[in-house]
There are 2 protein chains.
Amino acid sequence: MSHLIFDKRDWKFLMREHLHLERLASFPGLADYDIETMEAVFDEGVKFAVERVASVNEASDREGAQLIAGEMKTPTGFPELWAETRAGGWTAAPHTPEFGGQGLPYSVVNAVYEAFNGGCQAFTMFFQLTSGAGHLIESFGTDALKASFVERMYSGEFGGTMCLTEPQAGSAVGDARTSATPLDDDTYAIEGNKIFISGGDAEFYANVVHLVLARVKGDPEGTRGLSLFAVPKHKMNADGSIGAYNNVQVTGIEHKMGINGSPTCAISFGADGQTVGYLVGVRGNGMAQMFQMMNEARIACGLQGVALANAAYQQALAYAKDRKQGPPIEDFAAPSVAIIRHPDVRRNLMFMKAYAEGTRALAAKAAYHVDVVVHGADAAERERSQDALDLMVPVVKAYSTDKAFRVCELAVQVFGGYGYCREYPVEQYLRDVKIASIYEGTNGIQAMDLLGRKMRQKGGALFMGYVQELAGFLERLSSIEGLAPVHKALAKAQGSLGEVAFWLSSTAAKDRALAMLQATPFLELLGDVMVGQLLAEQAEIATAALQARCGTARPTLEQQEADAEVAFYAGKIAAALFFANEVLIAAPSKAKAMTSGETAALNYAF
Amino acid sequence: MSHLIFDKRDWKFLMREHLHLERLASFPGLADYDIETMEAVFDEGVKFAVERVASVNEASDREGAQLIAGEMKTPTGFPELWAETRAGGWTAAPHTPEFGGQGLPYSVVNAVYEAFNGGCQAFTMFFQLTSGAGHLIESFGTDALKASFVERMYSGEFGGTMCLTEPQAGSAVGDARTSATPLDDDTYAIEGNKIFISGGDAEFYANVVHLVLARVKGDPEGTRGLSLFAVPKHKMNADGSIGAYNNVQVTGIEHKMGINGSPTCAISFGADGQTVGYLVGVRGNGMAQMFQMMNEARIACGLQGVALANAAYQQALAYAKDRKQGPPIEDFAAPSVAIIRHPDVRRNLMFMKAYAEGTRALAAKAAYHVDVVVHGADAAERERSQDALDLMVPVVKAYSTDKAFRVCELAVQVFGGYGYCREYPVEQYLRDVKIASIYEGTNGIQAMDLLGRKMRQKGGALFMGYVQELAGFLERLSSIEGLAPVHKALAKAQGSLGEVAFWLSSTAAKDRALAMLQATPFLELLGDVMVGQLLAEQAEIATAALQARCGTARPTLEQQEADAEVAFYAGKIAAALFFANEVLIAAPSKAKAMTSGETAALNYAF
């Protein structure tokens, strides 16, 4: 049986009822994708993820990727699954037909990729990274470069990586020492060492195209001097056949806490002979180009959190319904009941549900904005979506992954001793998902991006735009029967958020360190509010649906047990109420802590 | 170099300045232990932990314990280290000289065992479990049983285990099916299967004595019908030599997320022939007897959290001082600085310090109460300590281990990508420490113990006693210069705690499920307050120490850098201020959430 229990109903709710993805078909370029077609693709993708991708997850963890005599060996089942994934068109799904892609809306790809990540995060990384690298070449490369690589990367014949980190330059990418020396034919000789390169090689790749940040000799220090190069493992012949070895060597792989099936490589360029690289885009513009791709990479990373949080919630839920332990709370003399009857277990499950489904909605909304930015016909609408997206991305990345770790931890607790054992999948989820808080910019870096960059972008207009949107929703929410506690908590949280934003902006002007001390709590508060709003929107929809279906927005347990649709909508209302009471209620107190000016962490000489 | 960086200074502060362990020497039975002697034992123990115990931690994780053809093989270095641990008297340290122990105060043993757990949790479990099992026989066994086993267990010649869990009976121990059939000679034939038995066997044990909960045929269902039996792997001959095999078979070991060096065993009794067991204590009283030992077992478990949290904090601190990344916040054009200069990293470190040192103080205080209960001359004082201990224990166990997981997680984040790799010890800390939230009663069970049992014990007198003690401290704290924010936050938190306790007690009478829904948040709030108080007490002491040493309780960074003692005390004040602003400040909001009567988790049919 597959370890992946995937909640298709929640995604269909997002597509049809919450985000109204049928709107996408009105965009030029997406006319082929009416809602039925999107759902059909989604259904097929989820089926493949549950039946096939999930089947390699255990081997991925137990065997891991291995570097044997310099050759990469991925876990049992990966090569076959790679071939099937290519054949199904999943590697190329989001890309333009010009390069062999299906041109699917990102919103649908995002939904399918959640299932893939839930099935096997380490496997899914291979094609998500390849896709990102290919997209960089498509966006900034010369026609010749595009012709050589892009379609073959999207199709999964070639792999791709992003090579940023060096041993002395982790989060501080600008310190990179890898060098590029111009050669006579417009190419460059690349020399240097990169580390932490995910998916650096695989036996199922015919070639690997590394996107390498390097400094052309003589160019300025820091990030401004970095250029982007496409560096294939094997050079390409003029006829498109794979040519000579390009002296790109995987010198080692890391032994990690999780995602063992994804080789985290140390790669040397030019150590045993010349390594040729091709400039991608504008010299000195490497970081800026990478940043243009960063939004999608970071949403993809947040989606890994969403995927494992939801997988963990579903596993814990199924276990809690099955496992009998202890008498019911009403009668200690009665026989043992399923642990889902115990209030403490229900609290854990509700916590998991609210965060797992709430961050899923957040990632889905971000994906929707990506579609608008790429396909929207109206320039003003595109700009609004770009602004919304820029503000959301650090939250999608950091909040979703940090909360996913919490959710996976609770799944382990619900399983008790079994949760700590490899026999059940939840301990692997917990280990695997931790990486998502670290790579693509640690969550601390995301918080600094939010506070130091996104909040200041366009003079604060991104944040103001969000607050206005929220205000509009709050006005509507105020009149929804039964959701008054949610409205009250969200409105207060909105006030707290504004208060903190004001304090941060005035404090940053005089004491930058004091303001930056609150970067992480501020990101969390914004995440609380964004997720709180999305859960409230879902509760609003569910209220109407329930009233239509059974005449009340508060169906009894019996009514819910008799009708899965009634239970589904009741769950949406429950999650919003729970989240308001558990999380949003804390916003004023969080604001108080953030704006107190407490400086202990700065004034102690550790 | 040892992975364990152990903060002896903080423990000496606890011993001499905070808890005043010199008081222990006034107790009958502890007259030999003046403070200098205790410190000498502590120094020796820490040295052994850092130099020797820590040396097996990597092998413990990578090799794990292995069951090969039915024989247990522990990781490389364990057998030699076991011999050294025995020779050093560490296995018998807390026990009475009557059975070969050193009769050390538990307070000192606790401090040393923190270092042992920090060095290698999986190894330390072997003798902590053996010690607990031996103590049960010492407390309840017949003279003959004691003579056979106790000294040989305390000395580490024999191992010991606690066998409670069965496949169908995890947290619900009363469902155990293992049976005991009376034999002619006052012994019993034991039949059944136990799982999750930590340290179930080792090649360095000459014999293993399992303390097994089983039901004598015909005795009542549930926990009331369970009796405790000592069941040796090999029977003992009359002359004290080891006799015939007793048909106690380790049938398998779990593959786990962490503590791999500690074999988690499935054990069958009586499957291949008769297994003889000896009744320990009173028939039908097995659970009650186990519960009398539970406090120390749960403190020991909490101490594992304390140990790994502190080890993780020290590792992250050392790394943050060493690792250069990114320019300082004052000048983005300057060269990279050590990451400890970045505000977000300082926040993480301060968070870690406050929880790691705060829960250490909590465990130390609990250990002090154990000493009073065992050795105190005055009956009223003993009773007060017993009451304080009973209330604290679920908090020591659950709060310390849950926060330890947070602290270890942050250590991984501080290390960035390296934190996810096995090259550094923090990812192992994170995996190892998770078990402490699960075994010895999951943290959910602890919360129910606190709310359903401890809060009601003696008509609520335990809690009232604690609140009175806190009120006395608050009065003193109110006049300490510079700690007004701590006083204010702690006083408000005290009010919130009282409010919630009142609400819970009146709610439980009419709606038990609604009250129990708040068991976990209530335990957390009590933990916040207890730890907040201890950190405030430390800040009070530090204020006086700093005023005496440098005339101000707010020394500059330069003053701190010039004098490690000044820095130490400044750190105590910083931790209290930080904790008040980050954690205690949230108490009123937590109280509001808990007492709102929100029932979403109960009313949704998952």
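The two copies here meet through the same surface, because 100% of the interface residues of chain A are also interface residues in chain B. Keep in mind that this is a predicted model, where local features need pLDDT of at least 70, side-chain atom pairs count only at pLDDT 80 or more, and totals for chains, interfaces and linings use all residues. As for labels, residues are numbered from 1 along each chain as its sequence is written, while chains are lettered from A and ligands numbered from 1 in the order in which they are written.

How do the chains relate?

Now for the core. The largest nonpolar core has 423 residues, and the members that touch the most others are A:Cys408, A:Ala411, B:Cys408 and B:Ala411. (A nonpolar core is a set of buried Ala, Val, Leu, Ile, Met, Phe, Trp, Tyr and Cys residues joined through C-beta atoms within 7 Å.) Skipping residues up to four places away in sequence, A:Ala411 touches a list that includes A:Tyr313, A:Met352, A:Val426 and A:Tyr429. Contact means that the C-beta atoms of two residues, placed from the backbone, lie within 7 Å.

Two helix pairs are worth a look. Helices are DSSP runs of H or I with at least four residues, strands are runs of E with at least two, and both are numbered from the N terminus. Axes are lines fitted to C-alpha atoms, for helices over the stretch in contact, and angles run from 0 to 180 degrees between N-to-C directions.

| Helix pair | Angle | Axis distance |
|---|---|---|
| H9(B) (379-415) and H11(B) (443-454) | about 155° | 9 Å |
| H11(A) (443-454) and H15(A) (519-550) | about 80° | 8 Å |

H11(A) is therefore roughly perpendicular to H15(A). In that pair, residues including A:Gly444 and A:Leu451 of H11(A) meet A:Ala519, A:Thr520, A:Phe522 and A:Leu523 of H15(A). H9(B) and H11(B), on the other hand, are roughly antiparallel to each other. Among the residues making their contact are B:Leu391 and B:Pro394 of H9(B) and B:Ala447 and B:Leu450 of H11(B). The cut-offs are under 35 degrees for roughly parallel, over 145 for roughly antiparallel, 65 to 115 for roughly perpendicular, and oblique for the rest.

On to the backbone. Most residues other than glycine have a negative phi, and most peptide bonds are trans. A:His20 has a positive phi of about 50° without being a glycine, and sits in the loop between helices H1 (8-18) and H2 (35-51) of chain A. B:Ile259, also not a glycine, has a positive phi of about 35°; its loop links strand E10 (248-253) and strand E11 (264-269) of chain B. A:His20 is exposed, with 12 other C-beta atoms within 10 Å, whereas B:Ile259 is buried, with 29. A residue is buried at 20 or more other C-beta atoms within 10 Å of its own, exposed at 12 or fewer, and partly exposed in between.

Finally, B:Arg360 lies in helix H8 (residues 343-375) of chain B and counts as buried, with 26 C-beta neighbours inside 10 Å. Beyond four places in sequence, B:Arg360 contacts B:Asp10, B:Val306 and B:Asn310.
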